[in-house]
Amino acid sequence: MRHLNEQLFIAFECISAIGSSLDLKIMVEQFQKVFARKTGALASIYWYYDERQHTYTQLSFQGKKAFLPLFKTPKTCIPCPILSLDETKTKNLLHVKIDEDWMVFLFHAPYTEIELIKNMLESFKEKLENAVHGCKNHSELIGINQKLERLIQEEVAKNREKDQHILQQSRLAQMGEMISMIAHQWRQPLSSISTVAASLKLKLSLNRFDYTTKEQEEANKLFLQESMNKIESYVRFLTHTIDDFRNFFKPNKQKESITLSQLVNRTLGIIGKALEVNGITLHVQTNTTHEVLTYANEMMQVILNILKNAEDIIKEREVKNPQIHITLSSDKTWQIITIEDNAGGIKEEILPHIFAPYFSTKTDKNGTGLGLYMSKTIVEEHCGGQIMASNGAYGALFTIKLKEDATP
Amino acid sequence: MFEHVSFYKTLESFEKSVKSGTYLLMIAQETLFLELPKKEGLVYAGAIFPKIIFKQKTYASGLIAARLAKTSTLHVMDIHKECNPLSCIHNSHSIFTIVDGYSAAIYDFLENLYTLIPETCKLIGAGSGKNTLIQELTIFDQTRFHLESAIVISSKKSIGLGVKHGWKPLHGPLIASQCHDTTIEKMNYKDAFEVYKNAIETESTLRFDTTPFFKISQRYPIGLVRYNQDFLVREPVSTDGKSIKVVGKLEQNSIVCILTCKENELIQAAHEAAILSCENRENETVHSVMVVDCISRFLVLDKKYSQELKAIAKAYEPQTLLWGVLSVGEIANANQEGIEFYNNTCVIGTL
């Protein structure tokens, strides 16, 4: 009875040691240690079967290294005998096949006792096999996860590279647009300078500058003075315009206090003429004079982006009597800019996606799909505000909300 | 392993009388020990133990100096490092080791040492330290004291080895259902201390409310059940009212028993260990007998402890020198399965 009880206890302890870890080596070592200690095994080894190479490798060994030579590497073609004698014919080797692997124990004990131990081991062999499977599956899953992680990292790196490329393209496109806007802004003053210069040239070629009398001399001086003043005034305008553009591109890391009206006016200083050339009428209604503390250049970029989109869609849809209404207002919490065009609005199905990166409807016009995404990032993450899009009565309606101290 | 073994009352007397050579020193914890002896040609390593044994007497003060035979080698090493540099042990037939008895790394060290020793090599050893349950610097050589260290002496001469304890089950078997290193948190899924207390208070007149824990735990150690072998004894050292801390690691779900003893059975076990050791020696002549006995056995047997030493001596010729230590843990590879770190056990080496 005592013998049976002992067997039960040993079996319980050995079964408890099965599946103690999901790492095959740790789990097997723990089992070997407990089993050897409890049954008096002198040493034990675990041969792991490598399915690719069709060979056995030693996963773990417990016991005196002096016993290691007694364990012979299993051969794939010849199954190991369950019980066999070692080379010295004094010790017994007990082989247990676990899946395709082999676990071998070395005993120096009577045959009947080893037979009992063998039977005990057979009784929980299935559990051991399941645990070994579990460990192998876990290891495989870790491998797959690591591979996936590596693939994700590679894809993320590729995407980053793509982002850089697109941003570069976007910047080039933006600069192209800017050049177009500069051209619009400069066309009138350049033409005026040209007119003044032409009239001076004509007068000179026709010998209209008469210096015979004092009065005529004075009149010529006055004419020349006025012409020079006009040219100077136009050049000042051109200089002012180019400063505006240069400032717009200058990175501005400092917040500044600015009214919504100033923000809109500075933006219109850049795009206003282009809108005018395209026959778009601008209506600006100012209901607030509060200042907001924000990154002015970045907010101008947002307003400019919405106005440019409005201009593009108005041109695309050939809207008659095109108009853009800009309203500046405030409530208890926010300073609000609304921009609404009359181009018919955004399709309901695409409305939820317009702030997503790489989302563009301008497939034929080099749309990067980053303009509104970057606008949302600037307003919400950098300036602590909100930006929303909806459809108004006549067209797309964009609402930008900023706090007076726009701390994100 | 050793050429000559002598007892000295003080370290000064040892220093005066020895000239040169390599020595193992075993010092009783009450010995005045201010500085390490320095002498040209004198090489030694040693350790402090609760008591030492010399010629069937125990001493709380004094030291034993054992001069190493020329075929023996001595090493002091950090037990956290691999034993691989000990190339000498590959050809040895016997090993004597002293390990810091309060170190948590004992098991890893012994496991590592076991993998390296030859098939037929026998090992005997002791856990060093004072009987205070506090880890102190107790291992030294002629240069300095070493913490978390071990002394390994290997010899080409074989020894006889016997291990017995004499403890019997009082209550159990129980499942140590929750364990963490050296702490048993649950037994049979209940708080370990509750199970331990109920078992002892039911079977004896001792009460934990009125008697210090260690006074009871010395008499009622925990035994690990092993197939076809005797219990492996683990001594409880403290409790927090729920769990029990023992000397030595326990695997979760180990089957254990609460043990008890009769004094005459402890003495008989020591005698049996001596007979076993004497019988399995390979040499005809017996140089001396090394006793590594647990200090708890001394405390349990109290005045009767001298009978345990007499019982050991009875297994040998009357003039045979009996020497050794009362230790904090006993070490031996009584079988081929591994080196065990015992508690409350008597380990006898026939040198």
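## Strands of chain A

I45(A) has V104(A), in β5(A), as its bridge partner. The structure described here is a predicted model. The pairing of β1(A) with strand β5 (residues 101-107) of chain A is antiparallel and extends over five bridges. Strand β1 itself covers residues 43-50 of chain A and is mostly covered, with six of its eight residues buried.

β1(A) is also joined to strand β2 (residues 55-63) of chain A, through eight bridges and again in an antiparallel arrangement. Within that pairing, W47(A) has Q58(A) of β2(A) as its bridge partner. β1(A) and β2(A) form a hairpin with four residues between the strands, and in this hairpin H54(A) adopts a positive phi near 55°.

Chain A is divided into domain 1, residues 2-123, and domain 2, residues 253-402. The centres of these two domains of chain A, taken over C-alpha atoms, are separated by 75 Å.

T399(A) belongs to strand β12 of chain A, which spans residues 396-402. Is T399(A) buried or exposed? T399(A) counts as buried because its relative accessible area is 14%, and the limit for a buried residue is under 20%. With residues up to four places away in sequence set aside, T399(A) touches I336(A), I337(A) and T338(A), as well as Q386(A), I387(A) and M388(A).

## The open sheet of chain B

Chain B contains an open sheet of six strands in the order β1-β6-β2-β3-β10-β11, with mixed pairing. Its edge strands are β1 (2-8) and β11 (145-146) of chain B, each of which pairs on one side only.

Strands β2 (residues 21-28) and β3 (residues 42-49) of chain B run parallel and are joined by eight bridges. Among these pairings, T22(B) has V43(B) of β3(B) as its bridge partner.

## A covered strand and its two partners

Strand β24 of chain B, residues 322-327, is mostly covered, with six of its six residues buried. Strand β4 (residues 51-54) of chain B pairs with β24(B) in the antiparallel sense over four bridges, and I52(B) stands opposite V325(B) of β24(B).

Strand β23 (residues 289-294) of chain B pairs with β24(B) in the parallel sense, over six bridges. There M290(B) has W323(B) of β24(B) as its bridge partner.

## Nonpolar cores

The largest nonpolar core has 56 residues; those that touch the most other members are F2(B), L24(B), M26(B), F96(B), M187(B), Y196(B) and W323(B). Helix α3 (residues 192-203) of chain B gives this core its largest share, six residues. The core draws at least three residues from each of the two domains of chain B, domain 1 (2-164 + 266-350) and domain 2 (168-260). Apart from it lies another core, of 47 residues, which includes I303(A), A310(A), I324(A) and I387(A).

Which residues are in contact with M26(B), leaving aside its neighbours within four places in sequence? The contacts of M26(B) include A47(B), F49(B), I52(B), L63(B) and I64(B), and also F96(B), I98(B), W323(B) and V325(B). G62(B) and G324(B) are likewise in contact with M26(B).

## Domains of chain B and their interface

Chain B is divided into domain 1, formed by 2-164 + 266-350, and domain 2, formed by 168-260. The centres of domain 1 and domain 2 of chain B, taken over C-alpha atoms, are separated by 28 Å. Contacts between them involve 15 residues of domain 1 of chain B and 13 residues of domain 2 of chain B.

The size of an interface is often expressed as the accessible area lost when the parts come together. Between domain 1 and domain 2 of chain B, the buried area is about 1300 Å², and carbon and sulfur atoms give 45% of it. Y107(B), V300(B) and N343(B) supply 37% of the area that domain 1 of chain B buries against domain 2 of chain B, more than any other three residues.

## Cysteines

A disulfide is a covalent bond between the sulfur atoms of two cysteines. How many disulfides does a search of the whole structure find? Over all chains, the search finds zero. C383(A) is buried, since its relative accessible area is 0%. C121(B) counts as buried because its relative accessibility is 1%.

Notes:
Residues numbered from 1 in each chain as written. Chains lettered and ligands numbered in written order. Predicted model: local features only at pLDDT ≥ 70, side-chain atom pairs only at ≥ 80, totals over all residues. Heavy atoms only, no water. Domains from an automatic or database assignment. Buried < 20%, exposed > 50% of the residue type's maximum accessible area, 1.4 Å probe, protein only. Helix = DSSP H or I, 4+ residues; strand = E, 2+ residues; numbered from the N terminus. Pairing = 2+ DSSP bridges. Contact = heavy atoms within 4.5 Å. Disulfide = S-S within 2.5 Å. Core = buried A, V, L, I, M, F, W, Y, C linked by side-chain atoms within 4.5 Å. Buried area = accessible area lost by both parts, 1.4 Å probe.
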